[in-house]
Structure formats: structure tokens, C-alpha cells
Amino acid sequence: MFGSVRKPGYVKSRAAGPSEISELQVWITSADSECDSYPSLTSDESYELTVDQPNAVLKASKVWGALRGLETFSQLVYEDAYGAKNINSTTISDFPRFAHRGILLDTSRHFLPIKVILANLEAMAMNKFNVFHWHIVDDPSFPYLSRTFPQLSQQGAYHPYTHVYTPADVKMIIEFARLRGIRVIPEFDTPGHTQSWGKGQKDLLTPCYSGTTPSGTFGPVNPILNTTYSFMRQLFSEISSVFPDAYVHLGGDEVDFSCWRSNPDIQNFMEQQGFGQDYSKLESFYIQKLKGYMIWQEVFDNGLKPDTLIHVWKGNQQQYKDEMANITSAGYHTLLSTPWYLNRISYGQDWQGVYRADPQDFKGTEAQKKLVIGGEACLWGEYVDATNLTPRLWPRASAVAERLWSAKEVTDISDAYSRLSMHRCRLVERGIPAEPLFTSFCPHEYKGV
Amino acid sequence: TTLLLLAVAVCQGYQSNDIDEEDELVYEPSKYGSLWPLPQKVRVSEVSFKLPSASFKIVDAKESSAGPSCSLLQNAYRRYYEYMFGSVRKPGYVKSRAAGPSEISELQVWITSADSECDSYPSLTSDESYELTVDQPNAVLKASKVWGALRGLETFSQLVYEDAYGAKNINSTTISDFPRFAHRGILLDTSRHFLPIKVILANLEAMAMNKFNVFHWHIVDDPSFPYLSRTFPQLSQQGAYHPYTHVYTPADVKMIIEFARLRGIRVIPEFDTPGHTQSWGKGQKDLLTPCYSGTTPSGTFGPVNPILNTTYSFMRQLFSEISSVFPDAYVHLGGDEVDFSCWRSNPDIQNFMEQQGFGQDYSKLESFYIQKLLDIVTTTQKGYMIWQEVFDNGVKLKPDTVVHVWMGNRVEEEMQNVTEAGYTTILSSPWYLDYISYGQDWQKYYKVEPLSFKGTEAQKKLVIGGEACLWGEYVDATNLTPRLWPRASAVAERLWSAKEVTDISDAYSRLSMHRCRLVERGIPAEPLFTSFCPHEYKGV
């Protein structure tokens, strides 16, 4: 708020003038502020903000609400014609519509230096995002330095020294996020998307066959070997101790069956198990065993049972609405990403289409709609790295931020344009190179290249 | 801690997380390494030499017509030394040290023409050719003019590579090079968004690394007028986004022009009229046409008012200033997208149309204006470039007018028509880089063939080059550089290299390496595809 102001010297105690507010008091009302906890899906992010004399007061049950309220307070401050900081008398009562408001970053297609990840966590906090979905490894590279299996990154990273995330790096990111009320959910996507895993772990991936001989290439994780599950048990045990969040994303997308189909050992297994030619049964077999090796948490607040959370990303507009309807009618909790694939760029103000998408916009009962716990904006990394990530993500992701936080009825695009333009200039002032919405200018333009 | 599972639905939808099979260009190293754009003639041998960073020198050859007073070259030597050895920890510069048996410790630059043009401004007819021989005892870069030397220095720096020990190496190479097209430009728009000087300079640097030689500065337009005119300071006072923080002062402009000159880049300003002038009217009353609603002024304004003498007296003074501030032989006069509805609504203009016998044909009025403007500009001793509409509308032009083809429809027909009428032409239509789309769109820019229209040899010779345009509606300092590079590099090779250089896989290989080099040199050029650079970009 005051970074740009030339402060002659901090004045310690000075009674507030008649039309001044010199203090913002933050009042955590709950006995357990959760100050040293990690944020979770059930964290209370609500707050009340009263800006009036003699002091502004920010009231929240938990620290998470205070974080959200501080951001809001900072957005109420404006400069008058004299350059002086002002704020209007305001009353705000706020809480998020959806509890899971996330951003997916992909550090496998391109390595993302820590600086970029941290800067984007900052930007997320300015937009009240609360989940960092870290798609940390995939086919092209394995930058996660595992203590149990250091050879995974040794062999699988783009470079074992310069293009890895060490335990210290990961710790730093998790704590940086926690201090901003952001959960870090890592994704270790299997059984597909694992080419880089096989570099450092022999026999993990399925050898593909050309007729009766191995072709030399490898496919998804091999689901029929005990070594596979022993490896996964150890790896996920490490992951669960490194990442404090209650959730891990297991991926499970886009499994190409052709390699499994070509492998004679797998063909035998299919026969033994009575799966016939249905390789999706083999895939289910794998996923169930993977889950079976996890330790279940017994205690849950607020009744969200240990559960499978379905992440919807497929199809076009009509398809995703049908998908949301189907999944919720089957009783599953669900997250939406389909309309928010921000890696899919196009010419013009595409933030508007992003803004209009609503996760509860499908035919279903109230109970069904309650199963939608939020959504995630995804920035897949095929064409994205540190050179272009931040302007590509912001302020387009801000449109998702409002859709996931604000009330369903907040849909006026012109009003959004007005607020978002100013919000964008504020991001730029705070050092985030958020790109412009349209022809315009900011009082303080971005100073980088 | 314990885990809760979050499994993802297996989906095979349109939106594939694993996209772009058609983008799977196999990364096989090119035999041309990382050269970009590809020189006309290259022979690289297997013989390699080490470059001793502690003692490597770039010097003027004894016989060169350029010497220590040629600051253009002296600056370039320092700049290229920094590019090549900047990352090396130099214990201390070793002054004289005889070169070892497999070393090359000197690059000699030999300007062969008596007039090196060192203190001149580059022009359309500048000689950018050079010959490069990398062999013992010294590498030699021979060029007729300093412009060729600049191009050759960039090429030399692209031949240097690090071996497995981190040592700088170069292979024995012979190169003979010159550009296919003489006008290879980038258009930047500083009206839709103000661009801080830093960004303009960084992009001039990047242009030089890609052998671009024209900066087409679309400096003013409807939204803002950032050009601080000495003759009419109120134009930016009233017309800029902010009269202090969002303007280009005479000093700024001078700096940009000299920075460009030192890199062999021409600066061609565009003062687009009679349309695209909303911001001009803020500081210049009566310049724009008042639009009418029936019989009363509506309060809004249209294009420049072509019927007032004050208009032409203003233009004469402004363009007199412009011609002295911008040293290039050409100015771009715009002339695109003139909306006739305001003219049509104005009774004075209607009268004028009658008097002139123009009937209802407002393109005749447009011609009338442009004609007078061209005459004014001619008296300032400048040649001019205009957007294609001016030609399409039948305006009488001087023979050396450069017509800028930009419209997306019927491009080949337009190229045919313009060259048939005998005008020099530059092409931008397929290279509007502001039109972003998902995936490797550099390939479609690379595949363009500017001379693929029906015409005679003489006609084809009239196509002097092209420009990649980055219009500013959605672009400013936060996203300009990654949006422009390396996509503009595809255009760079199409305009420099030989027509036959079309192998996309080879281009992918060289361009990926060239892109990492841009990043190493501090230019945040975005990635082509899934990949990594040994030295990633360190910014945000």
C-alpha cells in the first residue's frame, strides 16, 4: 500500500487526525487461529472488514480469513489528486463461494525456476487463489529430487543439477505458499505420462513389443510387477511426508493401452485376471492397488469423507456441462478445469469467455451442485516457461479467481472490465507482469523487459 | 502425514493434455549448428579450434578502411566479445600471447571499401554482404561496408559453442553471405500501449541478433500521441496517456535512433493520417473533421479535415520537424482504414465535394488529401511508404513510393497489382504477429514465400522485403518480448536466407538453439515447444 510513498521517517505515536485512519486492527476470533497450521479444503476463509473511525477492523475466525481480508483492505486504498493515500468508509462481509480455487503449473514440459513459482504464488494470493496444483513431473522430465530414489531426477531431469527441485526448494515453496494461505497439492501422474520415470528406475515402465521381441521403447507403468507397487509405496510414503497437504493428485489421465497390449506378459496377466481385452480394467486394477497402499486418514472435519475427487477437464462447453452433471449425479465431488485451460491462447480478450464459465452451470439438483467444490485454471507447459508464464497467466487467471470466489450473480462484464483493468495495473505495480486487457495505460507501467 | 486420494477422471476429450502430435518435430542437430538466419553459403568442417577467452581479440584488420575512430565497429567488437565470453570467468586479460597450435585468438575485421560508411545512417541500398573465414592463424571477416561487418559479427558469434569441458570452440568455416531482401523490418506500436524505452532498446538488440534492419515505429495513433513535438508540444501534452510519464522526448528519440544505427537498423517513423488520428485532435483544434448528426455537430471527430488550409500548414510544419528528427530517407505516412462516414456527415465537406466535382466518391477526397500530403513530404526530401489502401484507391504516387501490403485477403493479387504498376513493395500480410494462436505458429510464418505471386522477374525484383507487425492492442512491456521472439525470427530467416531454405526440421533444430542463445543474452524469447535451455531465463 505504501511502498511508493516517500516516508520521511516512521512516526511512532501520533494521534489520528479527524479524518484519518491510522490503524488496521486484525482480530482473529476463534480460539485456535490455525496460525501454525497448513491450510486445508475446510479452512475458514471468511472475514469482516469495517473501515471507519477511529480504526479499521478486520475480523476473521481464522488467519486464513485475515489474509483474504488484508488483500481486500489493500484494494480499497487509492490515491487522490494530491497523491495522498485515501480509503472510503466501507463495510465488507466476505467468504468464498468455492473452497478449492486453484492454479496448475507444469514443471515437466519446461523447468520453472523457483523465482517464477514464488512470484506466481504472490500473484495467486493477490487474487485469493488458495491451491497450487503442482504438476511436478511428466513424460519429458523428472525434476523432483527424491531422497528415496535420487536417480529418478539424476537420470530423468533435464539436468540433474540446474533443472531440479531439491528438498530445500520444495520446503521453501510449501512454506511460502502456507504464509499466503495456499495449499500445495503435488501431482505424480501415473500410469501414463511417466517416460522420464523410466530413465532412473529400470523395470518400472512396460517394455513395448514389436511382435515377439521388445521394441526398445517403453509405455505406461508396468501394472503386473510387484516391484512396481513396492516402488510406488516407498515413493508415495516420501511424498506424503514432504507435502503436508491432505491431498495428492494421482493423475491417471491419457493412458495409452497400445504398449500394454503388445506385451506378452501383460497379455497373460489379462487372461489370468479375466479382463478379456478390456485394458481399462487393467488400468483400474493399477489405480486401486495404488490407493490400497496409501494410509487413510481417519479424522475429518465437516464430513468430507476420504473420497475420490474428480477433476473434469475434457471436451467442449456442452460436454463438460454434461460431464459435471453425470459425475455429481453419481455422488462424487468434482473440480472444474475445462473452460480454464489458460495454455490455450487466442487473439483478443479471451478473459471474457473464462469469466462467463460457471462450475455449477449444469442440469442437476441442489445436492449435486453442492458436490462441486471449485475449479482450477491450468497452464500446461508445452509452450510456456519463465520467459512468458506470468503474462500468459495473469490477468486471465484473475477472471477464474472471481468466478470461484464471488457470488454466482456477479456476471456484469463491463463492471468486471473496469475493476479488472485497475486490478491488473495494481498487479503490475506490485511487480507482477500481468498483460494488458486492451488498449490502455497504467500510471506506473511495468519496468522490465 | 497421511494421504487422501485425489484421482482424476480418465478423459479422452478434445482437450488433450498430451497435445500436438503434428508438432512432434524430431530434434536432430543440424549440420549448420545454431546459425540463424542461415547464410547464403556455408561450409563448416569438422576441424575445431579453441578460443582463448582470456586473450581473444576482435580487431580491425591492417588493411581495413575503418579504424579506432569508427565507434560503430568498436562498440560492436565489445558487444560481441561480451556475448561470446561474457559468461566466462576471465582471470585477467592477457594482452599478447601467441596463439597455440589449435587456437584462434583473433578475429580480424576488414572493411574493404574506401568509404566504410561508419558514420552514416543505414539505408535501403546499404551493402550488408560479408565473407567470413574461420581458420588459422586468425579468423577474418571481410565486408565492403560496416553494415556487412555487423552482420558477420553476429554470424561469427553464432559459430562459437562450448565443448564438453565448457571451453569455447569454433569449427573451421567459410561463409559468404548477403541478404535476399534489403528491407527486413519489425513494426512496434507505441500508441495502443506506451512502450518504455528499455523495451524498445531490448528489442532493437534482439533485432540485430536476427539481422533485422528496419524498425518501423508506429509511434502515434487514435488512442495516444506520445511523440513530444518541439513545434507542437501540445500534441503530446493533450494527446499522450500522460504528458510526462508516457512520452518520447527528443532525447529519447535520438537515443533510439543512434542505438539502432550502431546495429545497422534504420528507424522509419509512421505518422499515420488522415485516419487513426483521434489523439491528434486533443492538442490541435480544428485538425480533425467535426462529425455531424443531421445539421448539428455531434461532438465527435473523424479523420483529418482535408478541406482546411490550416490542416496543410500544420502538416507542413510537423513533417518538416519529423524530417529533421528522423534521419532515414523514408517516412511512413499511413493512409489506412479511413472511415468516410464522418466526412460524409459534414456539410462543409459535402460542399467541397461538390465544388471539386468528386460526386459521392470520398476516396477522391482521400486522394486529394494524400496527394497534398505527399507533395509536402517530398519537399522535405524524404521518400515515403504508404499502406496499400492509398494505392488501391488510385492516388497518384511518386515512382519510388514503397507500398506496404498488409490486408489479409487477396494478397497475391495485390502483390501482382502493385508490382505491375511499378511500385516497390513490402509484405506484412502473413506476418501479423499480434494474431496469437495456440501451438507452433512460427512454422506458418516460416513457410511464407513472399514472391509466390504471378509476375515477371522485374516485378519480383520490386518486392524489397517485408515486416513482422506487432500491433499493440494486447501488447505492452509485460508481454511484448516473448510474444515477438522467437516468432519474428522465423520471418528473419525468410527475409534473409535463400528461397530454397525451407526444411522445417532443420529450422526447428537451429531455431531452438538460437532461441536459447537469445535467452542467454537476456532476451526473454519464449520456447518453441517442450524443451530446456542450459541457461534458463532468470527473470519473472
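## Between the two domains of chain A

Let's start with a salt bridge: A:E71 pairs up with A:R430, and their closest N and O atoms sit 3.1 Å apart. This is a predicted model, and the rule finds 2 salt bridges across the interface of domain 1 and domain 2 of chain A. Polar contacts there come to 11 residue pairs, both partners at pLDDT 80 or more. On the domain 1 side, helix α1 (residues 63-76) of chain A gives the most, with 7 residues. Sorted by class, that side has 7 nonpolar, 6 polar and 5 charged residues.

## How the domains sit

Domain 1 of chain A covers 23-94 and domain 2 covers 100-430. Taken over C-alpha atoms, their centres are 31 Å apart. Domain 1 brings 18 residues to the contact, and domain 2 brings 26.

Together they bury about 1700 Å², with carbon and sulfur atoms giving 52% of that. A:Y38, A:L41 and A:R68 supply 38% of what domain 1 buries against domain 2, more than any other three residues.

## Chain B against chain A

Now for the contact between chains: 65 residues come from chain B and 81 from chain A. The buried area is about 6900 Å², and carbon and sulfur atoms account for 60% of it.

The count between chain B and chain A is 4 salt bridges. In a salt bridge between B:E526 and A:R392, the N to O distance is 3.1 Å. On the chain B side, β1 (4-6), α3 (197-209), α15 (480-484) and α17 (504-520) each supply at least two residues. By class, that side has 34 nonpolar, 18 polar and 13 charged residues.

Note on methods. Residues numbered from 1 in each chain as written. Chains lettered and ligands numbered in written order. Predicted model: local features only at pLDDT ≥ 70, side-chain atom pairs only at ≥ 80, totals over all residues. Heavy atoms only, no water. Contact = heavy atoms within 4.5 Å. Buried area = accessible area lost by both parts, 1.4 Å probe. Salt bridge = Lys/Arg side-chain N within 4 Å of Asp/Glu carboxyl O. Helix = DSSP H or I, 4+ residues; strand = E, 2+ residues; numbered from the N terminus. Nonpolar A, V, L, I, M, F, W, Y, C, P; charged D, E, K, R; others polar. Domains from an automatic or database assignment. Polar contact = N/O pair within 3.5 Å; in protein donor to acceptor, adjacent residues only side chain to side chain.
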